[in-house]
Amino acid sequence: MHISSQGSQIAPSAAVTEFLSRLSDGRMLIGDRWVAAADGATFDVVDPATGRVFHRAPQATAADVDAAVAAAREAFENPAWADMTPTARGQLLWKLADLIEANADELAEIESLDNGKAKVIARHADVVLAVDFLRYMAGWATKIEGSTVPVSVPYMPGAKLFAYTQREPVGVVAQIVPWNFPLLMAAWKLGPVLAVGCTSVLKPAEQTPLSALRLGELILEAGYPAGVVNVVTGFGHIAGARLAEHPDVDKVAFTGSTEVGKLIGHAAMSNLKRVSLELGGKSPVIVLPDADLEQSIGGAANAIFFNHGQVCTAGSRLYVHRSIFDRVAEGVAAAAKGIRLGHGLDPETQMGPLVSEEQARRVAGYIDAGLSEGAEALCGGRRADRDGFFVEPTVLVGCGPDATVVREEIFGPVLCAMPFDDLDEVAKAANDTPYGLAASVWGTDLRQIHRLVPKIKAGTVWVNAHNVLDAALPFGGFKQSGWGREMGRSVLDLYTEEKSVCMVV
Ligand code: NAI
Ligand code: MG
């Protein structure tokens, strides 16, 4: 493994330095005002590659959340937003996408500093996907249609009736996002809000508050009315919990852990607010005996190591047909050994640190648990010997089906590779998890693939690919991986109420 130069000589650009100094006294966006937390409290923003604190963000209290919800309610009712034409909503959303694109380098750098991921990845994955998704949603603004319904009403013989449905924005939406793709998750959440005419209180994760704040600036610059989007930074158990239980929030949309997703579901019962959840995963990667070896080795390595394994769809369980198991497992381990760790702003870096000390400890703890339960590490197996929150990319073999590392979401660069003998056996193993977010199947025999795909209980199944996401493709989980589908046409259902109108004519 190569470890690039330590981060000390890596300095933020002038644009990022200016952005940080604009918010240096701890400010977040409520209405169109940049405000400190009600009690002035802040929390540390840390560079995960060095452990150094480089900013302090406001720590929103319940009172701040209440103020943001009030601003969102006012905006929802403000004719400047409520009566905006669909075309104008679409144009505004397109303009926001243009502004993100125009500031792509700066946003990628902010994301890299805050999350630890390589800037080049943030630039060409996170930012590009955010722009593409917002443009896709801009197109939907003018296409939120109902239908006319021929009705019979047996107890009204002879009546002349006209009935139709229409879709209306659900209202004020609380949107709580995680730290693994901070900007992209914010875009996934805000796209439908801005297309259909809802308003939002967005809460980024406490590990990565910065890109949402920069996005807040761009939203005002685009010309959105005050309060359409509010950005409150703060802790999950305070600001997040208040949003989930808030009596004047009509819907909560959450991406994060299954554990917190369940808390949010309970809290939402207070006023039966609508809930959509994108939660954890333990996604299987299944390599059939006739698979292209080189393609599946590269694919399996990417499936687990992309974004340092901090991906809800990470391919964390690799099932390989016994006839090719050793070659594939060793191939993935060789790929892991070649990954260059380093600071996200170092252009040589291929994998950055994990997001936080807590996450690095959690992942290292899982590796230890795996080793003590009898697994063997073909590579990695520990934290990297340097400052920051680095964990070596790790491939474990010899894990039993009940091992902690096979059952629990690790959310780090740790793969469990296991052999299988036949299709039914691997389908059963793949489904032997409380999660059902995604899976991939690698092979060339279409009959086998078509037999396997329907057996897999997951919201997305890729064939000869993993982590291929598109704005037009619905995304979400079976089982404990969530409720609802984001993206595609499906997301409109999550952000609108259907109204039936029936008149006697
Ligand atoms: P988390 O689920 O606690 O955090 C995600 C978001 O939820 C953050 O914005 C956080 O502030 C908020 N939150 C936390 N507690 C809350 C509460 N009681 N009410 C409302 N909002 C709350 O995830 P965490 O602790 O950062 O990571 C723990 C594990 O969760 C990871 O190791 C990983 O397994 C999983 N995770 C999964 C993600 C996914 O995309 N599926 C994303 C992040 C974490
Ligand atoms: Mg948590």
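Colleague: Are Trp81 and Tyr224 buried or exposed?

Modeller: Both Trp81 and Tyr224 are buried. Keep in mind that this is a predicted model.

Colleague: How many aromatic pairs are there, and how do I read one?

Modeller: The count comes to seven aromatic pairs. Read the distance between ring centres, then the angle between planes; over 60 degrees counts as edge-to-face. For Trp81 and Tyr224 the centres are 5.7 Å apart and the planes stand at 65 degrees, so this pair is edge-to-face.

Colleague: Where do Trp81 and Tyr224 lie in the chain?

Modeller: Trp81 is in helix H3 (residues 79-82). Tyr224 is in the loop between helix H8 (210-222) and strand S10 (229-231). The two parts are 143 residues apart in sequence, so the pair ties them together.

Colleague: What about Trp188 and Phe475?

Modeller: Trp188 and Phe475 also form an edge-to-face pair. Their centres are 5.3 Å apart, with 70 degrees between the planes. Trp188 belongs to helix H7 (residues 182-196). Phe475 sits in the loop between strand S21 (460-463) and strand S22 (478-479). That links parts of the chain 287 residues apart.

Colleague: Why do Trp188 and Phe475 count as buried?

Modeller: Buried means under 20% relative accessible area. Trp188 has 6%, and Phe475 has 2%, so both qualify.

Colleague: Which rings have a charge over them?

Modeller: Tyr495 is one of them: the charged end of Lys251 sits over its ring, 4.8 Å from the centre. Phe390 is another, with Arg386 over its face at 4.2 Å from the ring centre.

Colleague: How many disulfides does the structure have?

Modeller: A disulfide is a covalent bond between the sulfur atoms of two cysteines. A search of the whole structure finds zero. Take Cys399: the nearest cysteine sulfur, that of Cys416, is 3.9 Å away. A disulfide needs the sulfur atoms within 2.5 Å, and Cys399 is in none. Cys399 counts as buried at 10% relative accessibility. Cys198 is buried too, at 0%.

Colleague: How many salt bridges are there?

Modeller: There are 28 salt bridges. Check the closest N and O atoms, then ask where the partners lie. Asp250 and Arg73 come to 2.8 Å. Asp250 lies in the loop between helix H9 (236-245) and strand S11 (251-255), and Arg73 lies in helix H2 (residues 62-77). They are 177 residues apart, so the pair ties together those parts of the chain. Asp250 is partly exposed at 24%, whereas Arg73 is buried at 16%.

Colleague: Which residues make the nonpolar surface patch?

Modeller: Phe162, Met503 and Val505 make it, with an area of about 280 Å². Patch residues need over 30% relative accessible area. Met503 is partly exposed at 36%. Its place is in strand S24 (residues 496-504).

Technical notes:
Residues are numbered from 1 along each chain as its sequence is written. Chains are lettered from A and ligands numbered from 1 in the order in which they are written. This is a predicted model: local features need pLDDT of at least 70, side-chain atom pairs count only at pLDDT 80 or more; totals for chains, interfaces and linings use all residues. Side-chain values use heavy atoms; hydrogens and water are left out. Patches are made of residues with over 30% relative accessible area and no salt bridge: like charges are joined within 9 Å, nonpolar side chains (Val, Leu, Ile, Met, Phe, Trp, Tyr) within 5 Å. Accessible areas come from the Shrake-Rupley method with a 1.4 Å probe; for residues, only the protein chains shown count as cover. A salt bridge is a side-chain nitrogen of Lys or Arg within 4 Å of a carboxyl oxygen of Asp or Glu. Helices (H or I, at least four residues) and strands (E, at least two) are DSSP runs, numbered from the N terminus. Buried means under 20% relative accessible area, exposed over 50%, partly exposed in between (1.4 Å probe, protein chains only). Rings of Phe, Tyr and Trp (its six-membered ring) pair if their centres lie within 6.5 Å; planes under 30 degrees apart count as stacked, over 60 as edge-to-face and the rest as tilted. A charge sits over a ring if NZ of Lys or CZ of Arg is within 6 Å of the ring centre and within 35 degrees of the ring normal.
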